[in-house]
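Dear colleague,

Please find below the structure I would like to hand over to you. My findings follow directly after it.

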Amino acid sequence: MNVINETGILALSTRLQRLSEQLRKDGALLYKTFGIDFEPKWFPVIYTLYHKEVLSVVEIAAEIGYTHPSTISLLRELEKQKLIHLKKIRPMNVNV
């Protein structure tokens, strides 16, 4: 028996992390098996944009529960794969 298994409930976080990593790997393998060039980590963004088409980075981050930097990283990957198109919007000039 290894140390992680011996610690029981104290290692719950570590066990859940391992399980999460394995599920992610299995998901990637499933896509690959069916000839789909897609990363499981892209799914939340693609699914959100499927339902809400045009959103800002902040809105996407809020929808998927990711940090702003993580969301930007995912969006750049998706744009590189030509799965989405990023559009920069200039702030409006407001005269007071």
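I begin with the contacts along the chain. Among contacts in the protein chain between residues at least 6 apart in sequence, those joining residues at least 24 apart make up 27%. Please bear in mind that this is a predicted model.

As to secondary structure, the protein chain contains five helices and zero strands, and its pattern along the sequence reads α-α-α-α-α.

Turning to burial and surface, 16% of the 96 residues of the protein chain count as buried.

Helix α3 spans residues 43-52 and helix α4 spans residues 57-64; their axes come within 10 Å and cross at roughly 110°. Angles of 65 to 115 degrees count as roughly perpendicular, and α3 and α4 are therefore roughly perpendicular to each other. The crossing in which α3 passes α4 is right-handed.

Which residues make the contact? On the α3 side they are P44, V45, T48, L49 and K52, while α4 contributes I60, E63 and I64. Sorted by class, the contact of α3 with α4 comprises five nonpolar residues, one polar residue and two charged residues.

With kind regards

Technical notes. Residues are numbered from 1 along each chain as its sequence is written. This is a predicted model: local features need pLDDT of at least 70, side-chain atom pairs count only at pLDDT 80 or more; totals for chains, interfaces and linings use all residues. Side-chain values use heavy atoms; hydrogens and water are left out. Axes are lines fitted to C-alpha atoms, for helices over the stretch in contact, and angles run from 0 to 180 degrees between N-to-C directions. Helices (H or I, at least four residues) and strands (E, at least two) are DSSP runs, numbered from the N terminus. Angles under 35 degrees count as roughly parallel, over 145 as roughly antiparallel, 65 to 115 as roughly perpendicular and the rest as oblique. A crossing is left-handed if the near helix is turned anticlockwise from the far one by less than a right angle, and right-handed if clockwise. Contact means heavy atoms within 4.5 Å. Ala, Val, Leu, Ile, Met, Phe, Trp, Tyr, Cys and Pro count as nonpolar, Asp, Glu, Lys and Arg as charged, and the others, Gly among them, as polar. Buried means under 20% relative accessible area, exposed over 50%, partly exposed in between (1.4 Å probe, protein chains only).
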